[in-house]
Amino acid sequence: MSMFVHDSELAELEMPQASADLHAQIRLAWGLRQRDTRRAWALATQLLAQLRPQQSAQQARLLLVQGEAKWLFAELDAARDFARQALQIFSDIQDGSGVCDCHWLLAAVLLDQGRHAQGIHNLEQGASAAQQGGDSARAAICMAAQARWAMLADSLQAQARFDVQLDFARAEQDQGLAAWIEDYRALRASRQNDFGRAALHFIQSHQAALATGQLRAAIIAATNLAEDLNRLGDHQSALEQMQRALELARPTGWPRSVGACLLHTAETMRRLQRLDAAQELLDEARPLMQALAQARSYAHALQYQGDLALDMGDHARALDSFRQLEQRAIALQQRDFKCIALRGQAQALAGMQQRPEAASVAMLALQEMRQTDDLFGQIAGLQVLAQIHARGDLPLPPDITQDPRALDEVAREASLPLYFLKSALRLGRSIPGYTLPLSLLDQLAQEYARCGQFEAAYQVSQEANATRERAFYDQAQNRAIALQISHRTERALAEGEHHRQLAQAEARRASLLQQTSATLEHLSAIGQEITGHLDAQAVYEVLYRHVQDMLDTNSFAIYRFEAESGLLLRSFGIEQGEVLPFGSIPLDDQYANCALCARERCEVLADDPDPASHLHGSLVSRSALFVPLLVSEELLGVITVQSVRRHAYGERERLIFRSLCAYGAIALDNAQTYLRLLEAQSQLVAQEKMAALGSLVAGVAHELNTPIGNSLTIASTLDDKSAEFARKVEANSLRRSELNAFVDDARDASAMMVRVLSSAAELLHSFKQVAMDRTSAQKRSFDLLQTSQEIVATMMNQIRRAGHQIMIKIPPGIRMHSYPGPYGQVITNFINNALLHGFDGVEQGQMELSAEMQGEDMVRICFSDNGRGISELHLKRIFEPFFTTKLGQGGSGLGLSISYNIVTSILHGQVSAISSPDAGACFVLLLPCEAPDAPE
């Protein structure tokens with residue numbers, strides 16, 4: 001994750017599809033931490049609650065987001081605690097980039113606390129951690145921040161070190177780094193009094209900071225730009241820039257940023273001599289800055305208050321402000337503030353007529369400026385000393401009495417103020433390209449005149465006039481530069497705003513495309529759900545639910561078209577959550593929009609519909625949309641959605657509704673087709689059952705015909721022999737041998753009849769049991785072997801007639817508490833399937849019905865044959881309704897489908913088929929021994 005998130009990347013993270021991606025949401029919170037701090041805090045808090053313990057890196061990143069929020073709102077101790085927690089986690093997992101970001105936040109906190117040495121040390125640690133982690137971009141940013149602070153402390157040392165270390169070329173490609181590199185360049189130019197160039201660098205720093213979400217840095221750059229415009233003498237442009245910075249800062253609510261903008265605006269007002277307005281701004285800023293009393297920005301507040309008090313003649317207040325500034329400068333180790341503080345104290349003391357103390361303090365300021373090689377400050381300090389010693393009643397400062405050359409010069413000039421002023425003059429002339437201050441020349445001319453050196457005074461006056469002319473020229477030049485900078489600033493701001501608008505437009509376009517894509521995907525999923533129902537009422541309810549979710553809906557209705565009557569019948573309707581009663585609209589109704597939609601077969605959008613089209617008793621709608629239900633130009637009906645809001649249905653809403661209606665039309669057409677199919681299937685199933693029953697009766701009749709015929713033959717033969725036996729008995733011609741023969745024949749005939757009739761009775765019992773099971777489908781306990789034998793017995797006539805055989809290999813004792821009738825139907829269908837398909841063209845086929853226990857409560861039943869087998873293509877479809885390879889040749893395609901439904905829904909088992917061409921087929925049933933009760 002980069003240190004700063006660019007606007008273009010943030011736009012992608014703001015897109016709706018990123019909301020489901022945890023990593024994208026963490027990056028969004030990271031990118032928002034200065035753009036929208038409160039939202040970033042809330043998002044980080046929400047995401048932290050979702051993280052798992054092992055997601056430590058994400059947790060640490062979110063802790064940094066919260067820590068930065070605390071820092072920006074000046075809760076520095078809390079910010080430090082968050083940073084330290086994150087640092088511990090990143091250190092444990094050896095994440096160099098994360099460690100760097102923790103040190104960056106700690107440095108910011110420490111710098112705002114005025115602990116500059118420790119803050120710079122943390123920046124160094126951050127650069128080192130990033131470098132070790134292979135993150136050269138972060139290392140470069142940390143070094144640029146070090147350079148920036150070093151420039152404020154000691155410009156000469158900073159240039160000597162960082163001008164060769166900073167990666168200026170990289171800043172052209174990395175705007176996150178450019179914000180800090182350009183800030184360093186601007187400060188360097190300011191220290192060289194090249195305020196025009198400094199302002200241009202501040203503009204670039206400001207733009208780069210804004211583009212990468214560094215709002216605080218952008219505000220600072222804007223205020224520094226205004227300061228440079230002040231130095232160029234264009235106070236009005238400076239004030240405009242200050243106002244822009246303040247407009248950028250106020251919405252954030254950050255005390256430091258809002259306070260700093262108020263301070264700099266107050267200083268600009270002071271330079272414009274609008275002293276009361278300046279004081280009001282300072283009074284507003286001071287409470288905000290109180291939370292940052294240890295920071296450099298608070299030192300600025302003290303400086304500006306002191307300068308304003310001097311201008312207003314309030315020397316006591318000025319003295320207090322500058323003394324506080326001196327204390328802050330010592331704590332911050334910022335010599336520039338210390339010099340300003342001492343010089344300001346000297347001026348305040350002089351204004352209070354405490355001239356000895358003023359002189360002493362002014363000399364301290366001069367010594368401090370000499371140590372920092374601040375030539376411009378020295379010139380101003382020498383002028384202050386000259387003013388203090390103007391009356392000539394103060395002793396010589398120790399610095400002069402201890403310096404023989406200085407003492408000789410003072411004696412030679414016979415004027416201490418003249419000595420200070422000439423020293424300032426020499427110092428100014430030693431600076432290449434430096435224009436001597438008019439105040440210095442005027443003050444020197446006056447001092448020459450006071451000492452009676454009128455010729456020197458005249459020469460200095462002439463030089464002052466020349467300088468004044470050059471000053472006018474320089475001021476004009478500065479104003480031109482300031483004007484140019486203002487134009488460049490406006491252009492840069494306009495370009496930046498243009499690029500931001502382009503980025504936002506591109507983001508909106510991409511978001512719209514993403515939303516459209518997401519909507520289409522959502523509609524596709526909805527379409528699958530809608531068309532997955534084969535019941536019209538279910539289709540109505542699903543349509544209403546999704547229409548209500550996606551559109552502004554107060555009223556929803558579906559009208560089905562009845563061609564015979566020419567009516568549109570309202571078959572479903574809901575208004576304000578209440579079910580609408582069934583109603584009808586004639587197709588030729590000239591006022592009803594619903595009828596118009598059906599007649600024209602086109603979409604009708606009505607905003608503020610004609611009152612004549614309003615149905616009595618229904619809601620008065622402000623927007624109504626009607627779409628016909630069409631399938632291949634056939635009109636099924638009309639769907640309408642209505643709202644009490646005007647213009648509720650734009651192009652996007654119409655596209656959504658149009659798509660839902662198209663899915664609804666397909667689903668309703670499918671429901672009608674399915675209903676017709678069920679009716680046809682029911683008729684075919686009834687025919688199949690009648691055919692199976694006829695086949696069963698015919699088979700049983702054939703089986704009974706043989707034993708009954710044999711019995712009749714035996715009975716008629718026995719009757720003939722009985723008549724013959726009776727005649728011989730009446731004629732007394734019966735011999736013993738004939739008696740014995742008759743008895744033997746009668747015994748044999750009786751035995752044969754008993755055997756044949758017993759077989760018939762057993763067949764009748766099996767037929768009765770199977771028929772009763774099939775008609776009643778009642779659950780009962782039965783022996784699997786016995787029931788299977790009874791089922792096969794009813795089919796033996798067909799099996800033998802076809803020239804095939806069947807074997808039963810079921811061990812005795814397998815007891816089941818299930819539904820023998822449906823089980824028999826399944827086995828019968830398997831046998832019929834083998835006879836019709838498996839043994840087509842096969843002679844003397846073999847079938848086998850076997851079973852074995854699977855565990856304690858399941859039985860595995862296999863029905864196999866050695867017939868033609870089933871191809872792989874057909875094997876996948878054999879259980880589909882109406883699938884048959886013998887269509888029109890005796891096959892209905894329902895036998896195996898019915899078997900599948902019986903096994904899965906009644907017997908609560910599983911059925912599968914194993915086969916390959918010319919290798920026979922095997923149907924495997926896995927049934928529970930105890931079947932669940934059928935629902936009532």
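Which residues in H16 meet which residues in H17? Leu275, Ala278, Gln279, Leu282, Arg286 and Met289 in H16 meet Ser297, Tyr298, Ala301, Tyr304, Gln305, Leu308 and Asp311 in H17, where contact means heavy atoms within 4.5 Å. The residues of this contact divide into 8 nonpolar, 3 polar and 2 charged.

This is a predicted model, in which local features need pLDDT of at least 70 and side-chain atom pairs count only at pLDDT 80 or more, while totals for chains, interfaces and linings use all residues. Residues are numbered from 1 along each chain as its sequence is written, and side-chain values use heavy atoms, with hydrogens and water left out.

The two helices (DSSP runs of H or I, at least four residues) are set out below.

| Helix | Residues |
|---|---|
| H16 | 275-289 |
| H17 | 296-311 |

They pack at an angle of about 155°, with their axes 11 Å apart. H16 and H17 are therefore roughly antiparallel to each other, a term for angles over 145 degrees.

Glu447 lies in helix H25 (residues 438-450). Glu447 is buried, with a relative accessible area of 7%; buried means under 20% relative accessible area (1.4 Å probe, protein chains only). Leaving aside neighbours within four places in sequence, Glu447 is in contact with Ser415, Pro417, Leu418 and Leu421.

Key. Axes fitted to C-alpha atoms, helices over the stretch in contact; angles between N-to-C directions. Parallel < 35°, antiparallel > 145°, perpendicular 65-115°, else oblique. Nonpolar A, V, L, I, M, F, W, Y, C, P; charged D, E, K, R; others polar. Buried < 20%, exposed > 50% of the residue type's maximum accessible area, 1.4 Å probe, protein only.
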